[in-house]
Amino acid sequence: MIRMTTTPKVSADRNSSPAEPRPAGRRERSKHDKRARIHAAAAKLFAERGYSAVTTQDVADEADVAIGTLFRYATSKPELLTMVYNTTLRDGIARGVSTTEADGDITDQIMRLLGPLLDSGLQNRENLAVYQREILFGDPDGAFRAEALSLIDLLEASIATVLGHLAQPDAELRLRPEVDVTLAARSIFSALHMEIIRTGLGREIAADLPGTLRAEIELLVRGLTLPAGQS
């Protein structure tokens with residue numbers, strides 16, 4: 001009878017080194033790097049040339065990525081601009097919120113919050129007009145539009161917080177008791193929105209935009225408040 005034998009398993013050399021693992025997060029870092037390059041390229045070209053003079057291929061070339069790669073991060077030129085302006089608005093709100101406790105009246109504090117959009121309107125009316133259009137009429141499923149709407153909500157909430165300071169006992173002006181600060185904040189943002197539209201249509205000189213908006217905010221604040229001591 002033939003005895004069946006089994007080949008013994010060869011044990012691994014204890015001194016051998018296992019295969020080197022791939023660095024953790026390499027893919028994520030690559031995606032972040034590409035997105036940052038695309039964002040920087042779009043911001044640079046839109047600022048230098050204006051929206052209508054920039055193509056998605058221009059942005060891809062500037063970012064040194066394939067056009068197909070670019071479309072994985074932003075599906076269209078309007079989305080590219082929305083991505084750029086969302087960052088501008090987010091950073092500006094953060095700066096404005098950090099300074100709302102600084103010296104200055106209510107109008108000054110609100111103007112600091114609105115500063116990013118005002119500055120954008122002064123630098124390039126076309127870019128800001130496209131951003132507004134995308135906020136209003138852009139792809140309802142677009143991630144960047146959803147982010148923009150959230151940022152507008154945050155901006156209005158920040159304005160409402162500033163207006164809420166008028167309810168403090170030591171305020172020189174007192175908020176009327178019937179005032180809803182959320183609706184008041186929305187009215188102030190709407191004033192900005194309409195003035196930017198007027199500027200984009202050439203019915204308002206861009207350089208006059210800050211002064212016009214300041215006057216409108218002061219008018220609204222006077223209507224929302226009573227002198228200290230009155231109730």
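This is a predicted model: local features need pLDDT of at least 70, side-chain atom pairs count only at pLDDT 80 or more; totals for chains, interfaces and linings use all residues.
**Entry 1: the cavity**

I took a cavity to be a set of points, on a 1 Å grid over the protein atoms alone, where a 1.4 Å probe fits but cannot get out, with lining residues having an atom within 4 Å of a point. Residues are numbered from 1 along each chain as its sequence is written, and side-chain values use heavy atoms, with hydrogens and water left out.

I listed its lining as G121, R125, L128, I196, T199, G200 and L209. Helix 6 (125–137) and helix 8 (181–200) are the elements that each give two or more residues to this lining, and helix 8 has the largest share, with three residues. For helices I used DSSP runs of H or I with at least four residues, and for strands runs of E with at least two, numbered from the N terminus. I sorted the lining by class, counting Ala, Val, Leu, Ile, Met, Phe, Trp, Tyr, Cys and Pro as nonpolar, Asp, Glu, Lys and Arg as charged, and the others, Gly among them, as polar. The lining then divides into three nonpolar, three polar and one charged residue.

**Entry 2: the whole chain**

I counted nine helices and two strands in the protein, and from the N terminus on I read their order as α-α-α-α-α-α-α-β-α-α-β. I called a residue buried under 20% relative accessible area, exposed over 50% and partly exposed in between, with a 1.4 Å probe and protein chains only. Buried residues make up 40% of the 231 residues. Taking contact as heavy atoms within 4.5 Å, I found that residues 24 or more positions apart account for 68% of the contacts with a separation of 6 or more.

**Entry 3: helix 5 against helix 9**

I looked up how helix 5 (residues 106–123) and helix 9 (residues 209–224) pack, and the angle is about 150°, with the axes 10 Å apart. The axes are lines fitted to C-alpha atoms over the stretch in contact, and angles run from 0 to 180 degrees between N-to-C directions. On the helix 5 side I noted I106, T107, D108, I110, M111, L114, L118 and L122, which meet L209, P210, L213, R214, I217, E218 and V221 in helix 9. By class this contact has 11 nonpolar, one polar and three charged residues.

I then followed L114, which sits in helix 5 and counts as buried because its relative accessibility is 0%. Leaving out residues up to four places away in sequence, L114 touches L155, I159, I188, L192, L213 and I217. The C-alpha atoms of L114 and G92, which are 22 residues apart along the chain, are separated by 8.0 Å.

**Entry 4: single residues**

I checked S158, which is found in helix 7 (residues 143–164) and counts as buried at 10% relative accessibility. Not counting residues up to four places away in sequence, S158 touches I93, V97 and L113. For S158 and V97, 61 residues apart along the chain, I noted a C-alpha separation of 7.0 Å.

I placed E204 in the loop between helix 8 and helix 9, where E204 counts as buried at 12% relative accessibility. Aside from neighbours within four places in sequence, E204 is in contact with R125, E195, R198, T199 and T212.

I found T69 in helix 3 (residues 67–73), buried with a relative accessible area of 11%. With neighbours within four places in sequence left aside, T69 is in contact with K34 and I38.

Lastly I looked at D64, in the loop between helix 2 (56–63) and helix 3. D64 has a positive phi of about 60° although it is not a glycine, and D64 counts as exposed because its relative accessibility is 63%.

Notes. On a 1 Å grid over the protein atoms alone, a cavity is a set of points where a 1.4 Å probe fits but cannot get out, and a pocket is an open set with protein on both sides within 12 Å along at least five of seven lines; lining residues have an atom within 4 Å of a point.
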